[in-house]
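Thanks for coming. I will take you through one structure this morning, and I will keep it short.

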Amino acid sequence: MRTARPAPQQPSGMPYVKYRPFLDTVATDLPDRTWPSRRITSAPRWLSTDLRDGNQSLIEPMGPEAKRAVFDLLVQMGFKEIEVGFPAASQTDYDFVRSLVADGAIPDDVTISVLTQSRGDLIDRTLDACVGMPRATVHLYNAISPLFRDVVFRMGREEVRDLAVDGTRQVMARAEKVLGEDTIFGYEYSPEIFMDAEREFALEVCEAVMGVWEPAEDREIILNLPATVERATPNVYADQIEWVSRNLSHREHVCLSVHNHNDRGSGVAAAELGVLAGADRVEGCLFGHGERTGNVDLVTLALNLFSQGVDPMLDLSRIDEVRRTVEKATQMNVPPRTPYVGELVYTSFSGSHQDAIKKGFAARAAQVQARVEEGMGQDEAEVAVPWQMPYLPIDPHDVGRSYEAVVRVNSQSGKGGVAYLLGATQRLDLPRRLQIEFSRIVQRHTDTYGGEVDATSLWRIFADEYLPAAAVPNRDGLEDLEPWGRYALDGATLTSAGEGERSVLTVTVTDNGQRRLLSAEGNGPLDAFVAALESTGIQVRILDYVEHALSGGRDAQAASYVECEVEGQVLWGVGIDPSITTSSFKAVISALNRALR
Ligand SMILES: CC(=O)SCCNC(=O)CCNC(=O)[C@H](O)C(C)(C)COP(=O)(O)OP(=O)(O)OC[C@H]1O[C@@H](n2cnc3c(N)ncnc32)[C@H](O)[C@@H]1OP(=O)(O)O
Ligand SMILES: CC(C)C(=O)C(=O)O
């Protein structure tokens, strides 16, 4: 044997020198930062921008019906702040916003947000769209970073600041003019491209806007600090937020909001650190829709809180319904690895994961049962026992998923997964050594055919191996299996099986189709059955025997598992029958047939 370090990595040849480290372009130093040692103990205010940022980035923006379906979904989920569009962008956008008012679709406790640039005509149109809403927030934005000042606006700092200030004035004037007393009016300002701006300048613009709005008790202002394009690690963003939060005037009347995009794939982390750093509110979209790589995924954020024992203040108990509505509206699929909702996120294929999950479920069931025995109701006990499950950060049931897909079997699976699946779907509780034996059989199958073995296929493989001719309770999917096996049990009569008495057994077996009547005595039914077989020259030694009930009620079935030594081979047999005794005889026959196969 030789040991060595891995071979050194090689230069990529990619033009990385074209790029500058983020920290060389924007100063964010905050040596006495406090966010790293804070914890999130309650949900932030959520704003869904699915119908605005989420919609403006779709290949085909949503039509009115799809928008309405998403709006209703957001309301049902418990969102109290919903950005419904950019009404000045087009007649369609305007009409949709008006339709919400006309239809009375906006609950009194839901605040509608609408976005506008800082341009007089757009502002007027935007406010006109809000007439008659119970609660409306106008959201004004303009980019403030050096690149946008130079390239997009071709303006100096003062002009860019004045764009924000003038826009705020125009919003207030128009609101005064068109909104009645029946609308509770609010204001949000976003210094777009905040993450790339000099922090002192961002603060200066926000203060100038506040100078116009004059925040006070019952007159909050939402200051939303967007990572319009995510360009740095989340700790940098957290420092930026904490610095602004500490230095803002009127902090108690400011709702500090974050709006993260996901260009580096760390939008969720950045939003969470932003909240630790002082943000009160998070803007984002369900499943991370939004410009380019998307806005921060609100479902992930909310369920991250849930998984820490914090109420997310959003109802995600039917997560697949939420997903289906969003997929239909956006015409985009949620990928299978998406946190909490992807098709595969509660599924383990690999053996060691499955083994741990199976043990975890058994341990939890015992803990729940103990509470029930102490007098708790089942539902209460399920919640009282803390969720501590290997590889499953939350209970799939809590978001409306079943346990069926928790374990799926392929070539990476082991005995734990195979046993879990048979247990979950057929209620068979295989003894450990039988699990090992059967998982080798499944492994041979996956090595030969590849792919996944679903629950139905697994049951077929099991039945074909152990129950070829047996009457099994559920033959669905087994109808076409060819019966095989030299021996079959035809009938048995146990004439004495009292406590301490020897069992006297008369049994009929068929041997290659020939019926044979056998009788023998033994220290129990199984011993008598083995003795009966021995009388025909068949040597079977029972090494282990396990049985359990399969189901309750009149159709109750028992499963028996026997480990036998037959002509020098050690192997298991399985029997299923309404009678425990008959199931044990069938199990011996199963082992016998397998030995002779
Ligand atoms: C980060 C974000 O997601 S912001 C939201 C972005 N969403 C959208 O843009 C969707 C809706 N937008 C639209 O439908 C259109 O862009 C409209 C209706 C708003 C404007 O359309 P147009 O007038 O044709 O202009 P266009 O979009 O090309 O505007 C660019 C102009 O607006 C200016 N502008 C850009 N942002 C702002 C702003 N926040 N405030 C004021 N002016 C702005 C640009 O500097 C440019 O000015 P210029 O023509 O003098 O060079
Ligand atoms: C309008 C603002 C908040 C925005 O969408 C962004 O900066 O990404």
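Predicted model: local features only at pLDDT ≥ 70, side-chain atom pairs only at ≥ 80, totals over all residues.

Let me begin with the ligand. Ligand 1 has 17 residues around it, and those that come nearest are Phe86, Ala89, Gln117, Ser118 and Asn142. Sorted by class, the shell consists of eight nonpolar, five polar and four charged residues. Three elements each supply at least two residues of that shell: helix H2, at 53–56, strand S4, at 135–143, and helix H6, at 146–153.

Next, the annotation. The UniProt record, an unreviewed entry, marks Asp53, His259, His261 and Asn295 as "binding site". These positions are spread over 243 residues of sequence, yet they cluster in space, with a largest C-alpha distance of 10.4 Å.

I will look at two of them. Aspartate 53 lies in helix H2. Is aspartate 53 buried or exposed? Aspartate 53 has 23 C-beta neighbours inside 10 Å, and the cut-off for buried is 20 or more, so aspartate 53 counts as buried. Setting aside residues up to four places away in sequence, aspartate 53 touches Cys285, Gly290, Glu291 and Asn295.

That brings us to asparagine 295, which sits in the loop between strand S8 (281–284) and helix H11 (298–306). Asparagine 295 is buried because 30 other C-beta atoms lie within 10 Å. Beyond its neighbours within four places in sequence, the contacts of asparagine 295 include Thr49, Asp53, Gly54, Asn260 and His261. Also among them are Gly284, Cys285, Gly288, His289 and Gly290.

Helix H17 covers residues 455–466, which is 12 residues. At 1.5 Å a residue H17 should span 16 Å, and its end C-alpha atoms are 16 Å apart, so the two values agree. The buried residues of H17 are Leu458, Trp459, Ile461, Phe462, Ala463 and Tyr466. What do they pack against? Their partners are helices H15 (415–426), H16 (432–449) and H19 (580–596), together with strand S14 (569–577).

Last, the cores. The largest nonpolar core has 94 residues, and within it Val299 and Ala302 touch the most other members. Not counting residues up to four places away in sequence, valine 299 touches Leu286, Phe287, Leu316, Tyr340 and Val341. Another core, of 53 residues, lies apart from that one, and its members include Leu422, Ile461, Val509 and Leu533. Ile461 is also one of the buried residues of H17.

That is where I will stop.

Definitions and conventions. Residues numbered from 1 in each chain as written. Chains lettered and ligands numbered in written order. Near = placed C-beta within 6 Å. Helix = DSSP H or I, 4+ residues; strand = E, 2+ residues; numbered from the N terminus. Nonpolar A, V, L, I, M, F, W, Y, C, P; charged D, E, K, R; others polar. UniProt positions renumbered as here; feature names shortened; annotations may be inferred. Buried ≥ 20, exposed ≤ 12 C-beta atoms within 10 Å, placed from the backbone. Contact = placed C-beta atoms within 7 Å. Expected span 1.5 Å × (residues − 1). Core = buried A, V, L, I, M, F, W, Y, C linked by C-beta atoms within 7 Å.
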